[in-house]
Amino acid sequence: MNLLVDGLVQALALKPLLFAVLGSFLGIIFAAIPGLTVSMGIILLLPFTFHMASVTSMSLLVGVFVGGMTGGSISSILLNIPGNPAAIVTSLDGHPLARKGRAGVALGVAFFSSFLGGLFSLVCLVTIAPQLAEFALNFGAPELAALVLLGLCLICGFAQTSMSKALISGVLGLSFSTVGMDPIDSIPRFTFSVVQIQQGVSFLPVMIGLFAVPEIISGMRGSAVSLPDFSTRLRDLLPSPGTLAGLWKTLAQSSLIGTTIGLLPGTGSAVAAVLSYNTAQRRSPEPESFGKGKLEGVSAPEAANSAMTGGAMIPMLTLGIPGDPVTAVMLGALTIQGLAPGPLLFESHGGFVFSIFGSFFIALFLTIVIALLGIRLFVQVLRVPPGLLFPSIAVFCVIGAFALQNSFFDVFLMIGFGLLGYFMQKFDYPIMPLLLAIILGPVFEKNARMSLILSDGDPGIFFRKPISLVFLTLALLYLISVFLKRTSLFRKPDTA
Amino acid sequence: MKKYLLVFALAFVVAAVSVAPVSAAYPTKPVEMTITFKAGGAADISGRTVAKAAEKVFGQPIVAVNRPGAGGTIGFAYVKTAPADGYKIGWLSASILTGTTMGKLPYDYRAWDYVSRLVFEGTAIVVRADSPYKSLPDLVKAAKSKTLKIGSAGAGSFTRLTASALAQKAGFKFRHIPLGKRRVPSLLGGEVDAISVHPPEVLALHKAGKVRMLAVSFPKRHPAYPKVPLFSEHGWDVGFYQFRGLHVPKGTPKEAVQALHKAFAAAAKDPKVLATAEKRGFLVSYMGPDKFPAFVAKQNALIKAVVVSLGLDKKKKKMKK
């Protein structure tokens with residue numbers, strides 16, 4: 001306990017505190033602007049940390065990480081364009097809420113959910129980090145393959161009107177995910193001998209294109225729905241304590257899912273968000289109201305993607321294994337400082353580790369304060385005339401797609417997928433299955449094939465491991481439940 | 001009088017500079033250095049540190065730009081097609097040789113000019129602490145009687161080629177598992193018997209007694225892990241090491257190459273570079289443009305031999321049939 005107080009005191013010193021404010025602020029901004037991502041923000045700030053004291057540098061980076069997981073919800077809710085991959089599902093219910101004039105409430109719920117999810121993962125980080133890191137090592141290739149297969153089955157959950165259209169969209173995504181260097185044998189696939197295609201269809205330009213371009217086109221054509229007038233008084237914007245209390249179940253299960261996903265390298269915040277959204281939907285007494293502006297649909301992904309931050313820091317600090325791209329950069333920053341994360345870091349630099357926990361707590365606190373203070377400002381975005389708003393979004397999208405890897409190929413990829421997204425929307429094909437398949441397809445392929453190499457071609461490996469068997473059973477049960485629901489809907493078409 | 005002398009001296013300097021050959025004007029603007037891997041990784045840290053130190057002698061900023069993707073091929077192709085004016089340079093690694101020999105790039109290693117080698121990085125064979133193998137000979141002996149699972153970063157990765165070359169030298173066969181980013185968790189979780197990996201990734205775990213570095217493929221013992229023997233000490237020297245250095249588009253002017261050489265040779269002695277090398281577990285070992293091209297050619301021959309023996313160069317053609 002003393003260590004924890006010491007850590008908090010260290011992180012509260014003037015310099016670390018100032019940089020934590022800066023970090024949280026930049027994190028929110030980077031996440032909120034489509035095309036700029038949290039990992040990009042961290043990478044840009046990394047060189048500056050080389051000259052800072054270790055506590056200060058971690059305050060800055062942790063601030064960006066935590067702020068980033070909160071800020072993504074802003075553009076998802078207000079513009080229907082996710083600011084970063086972690087917030088892709090937040091738009092499903094967040095944007096309909098904004099259209100009903102409840103943007104402030106949606107944002108408030110998103111921020112509080114982020115705060116509580118992050119707090120939950122911080123508690124895990126402080127109390128049982130080494131045990132959780134050991135637990136995560138049980139997830140080998142077959143377990144990950146089964147988990148991701150479960151995620152792929154959830155594509156069915158995003159079918160609004162037609163199941164076949166959702167499946168077509170999903171299969172299209174899976175096909176795109178096979179383009180580029182094959183993850184096992186490093187053979188270029190479908191590259192037509194163009195070197196640039198070897199990197200494959202990277203997820204971020206696709207995400208920016210699919211969401212932003214259709215919005216820009218309909219905005220420019222003047223077909224954007226005009227929003228009802230709403231009050232911008234802070235009291236009217238904030239969710240009531242009663243609203244938040246009603247969400248406690250969603251918050252608890254999403255925080256747990258987020259932290260667990262964070263522990264597993266190679267999965268990521270988008271997976272955490274999707275899994276918890278789906279769990280919330282399945283456990284809800286009225287699953288059909290999801291996607292039309294339900295607060296649980298905002299709360300679940302936001303709690304999960306923030307909880308992912310603490311989860312991802314656990315293997316990074318205790319074993320020196322980064323759980324996601326952001327913690328990978330943090331690992332580099334710590335090594336430069338001469339602090340090698342690993343089992344010995346807690347013994348040799350225990351005080352420093354607790355100062356990271358302190359910075360984490362302060363970052364969570366600062367982020368929610370900054371976000372809530374900014375809420376009045378954010379909602380003003382909805383009042384910007386479309387003639388100004390959409391061209392500026394377009395500019396950010398192009399810059400963002402280019403800046404990811406300094407590549408024009410990604411800009412064309414973004415535009416191409418944007419057109420695809422526009423026509424899919426026009427013909428009523430859901431884009432979420434396509435996105436999910438592009439995120440999960442490569443992870444599934446890699447782990448499934450690796451399992452078969454490990455077992456020398458014996459598929460039994462997926463059924464012998466208990467964790468993997470549980471996921472496969474869940475996937476099967478889910479598909480059966482979807483089938484039963486669909487067939488019963490057939491009989492009563494009026495409820496569909 | 002003193003004033004006049006000063007003016008005279010200044011005028012002389014100005015005259016001397018302006019009559020110097022035009023090429024000596026290089027560099028007149030910042031140089032862009034492409035790093036072919038992501039920011040924050042091993043290539044990025046060493047590249048940026050060296051570039052920062054080289055700027056002092058070079059006189060112009062050397063701006064590092066990350067162009068990652070497809071195992072470095074995206075960035076290498078960018079440098080290949082950039083104008084050969086000395087203002088576009090690349091931070092290369094041995095991956096350029098695996099990329100070209102495996103046919104991921106449509107040209108061979110001679111498509112670039114090579115300026116200088118700056119650093120070596122090791123490749124270690126690592127097992128869990130509870131593994132029965134206490135030394136590299138233990139592991140080799142066991143591998144001769146049963147097929148061990150040995151993981152690496154990927155099928156065509158440098159770590160895999162090192163493990164395969166070791167197997168050829170020592171006379172054993174193993175099942176290769178392309179673990180990608182999950183290489184360390186997979187070893188700790190017990191999915192594989194050993195992994196071939198760059199030492200900095202496991203150094204903290206090694207010091208904590210969670211894993212054991214059996215041996216490392218490196219020119220000499222590294223001060224960060226002085227007790228770990230070299231492959232060569234067991235008589236299984238694979239002959240090639242992960243190296244990093246500087247290359248430029250083919251046909252870059254000699255003056256530019258010499259100016260870069262001078263700046264980077266100075267960077268190799270910079271105390272900051274040496275301190276970072278110590279922390280990050282790489283070894284600074286400078287080689288200039290007089291010897292470096294021949295070194296690259298020799299490494300290419302050794303790496304190509306392993307790639308061909310594994311059949312990695314033919315896969316593309318097989319797919320086409």
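**View 1. Helices H6(B) and H11(B) cross with their axes within 10 Å, at roughly 80 degrees.** Let's start in chain B of this predicted model, where H6(B) covers residues 158-170. Axes here are lines fitted to C-alpha atoms, for helices over the stretch in contact, and angles run from 0 to 180 degrees between N-to-C directions. Helices (H or I, at least four residues) and strands (E, at least two) are DSSP runs, numbered from the N terminus. H6(B) and H11(B) are therefore roughly perpendicular; angles under 35 degrees count as roughly parallel, over 145 as roughly antiparallel, 65 to 115 as roughly perpendicular and the rest as oblique. On H6(B), look for B:Leu161, B:Ser164, B:Ala165 and B:Gln168, which meet B:Ile303, B:Val306, B:Val307 and B:Ser309 of H11(B). This contact divides into 5 nonpolar, 3 polar and no charged residues. Ala, Val, Leu, Ile, Met, Phe, Trp, Tyr, Cys and Pro count as nonpolar, Asp, Glu, Lys and Arg as charged, and the others, Gly among them, as polar.

A note for all views: residues are numbered from 1 along each chain as its sequence is written, while chains are lettered from A and ligands numbered from 1 in the order in which they are written. Since the model is predicted, local features need pLDDT of at least 70 and side-chain atom pairs count only at pLDDT 80 or more, whereas totals for chains, interfaces and linings use all residues.

View 2. Domain 1 spans 26-120 + 241-315 and domain 2 spans 123-234, with bounds from an automatic or database domain assignment. Their contact takes 20 residues from domain 1 of chain B and 18 residues from domain 2 of chain B; residues are in contact if their C-beta atoms, placed from the backbone, lie within 7 Å. On the domain 1 side, H4 (95-101), H10 (271-280), strand S11 (282-287) and H11 (292-309) of chain B each give two or more residues. H11(B) gives the most, with 4 residues. That side of domain 1 has 11 nonpolar, 7 polar and 2 charged residues.

**View 3. Five strands of chain B form an open, mixed sheet in the order S7-S6-S8-S5-S9.** Strands S7 (174-178) and S9 (211-217) of chain B are the edges, each pairing on one side only; two strands pair if DSSP finds at least two bridges between them. S5(B), residues 123-128, and S9(B) run antiparallel over 6 bridges, and B:Val126 stands opposite B:Met213 in S9(B). Helix H5 (136-145) of chain B packs on the sheet, with its direction at about 90 degrees to that of S9(B). H6(B) lies across S5, S6, S7, S8 and S9 of chain B, at about 120 degrees to S8(B).

**View 4. In chain A, H2(A) and H17(A) pack at about 55 degrees, with axes 9 Å apart.** These helices cover residues 14-32 and 350-379, and they are therefore oblique to each other. Their crossing is right-handed: a crossing is left-handed if the near helix is turned anticlockwise from the far one by less than a right angle, and right-handed if clockwise. Residues of H2(A) in the contact include A:Leu17 and A:Phe25, and those of H17(A) include A:Ile362 and A:Leu366.

**View 5. Chain A meets chain B through 41 residues of chain A and 42 residues of chain B.** H15(A) provides the largest share of the chain A side, 5 residues. That side has 23 nonpolar, 16 polar and 2 charged residues.

Terms used: Two residues are in contact if their C-beta atoms, placed from the backbone, lie within 7 Å.
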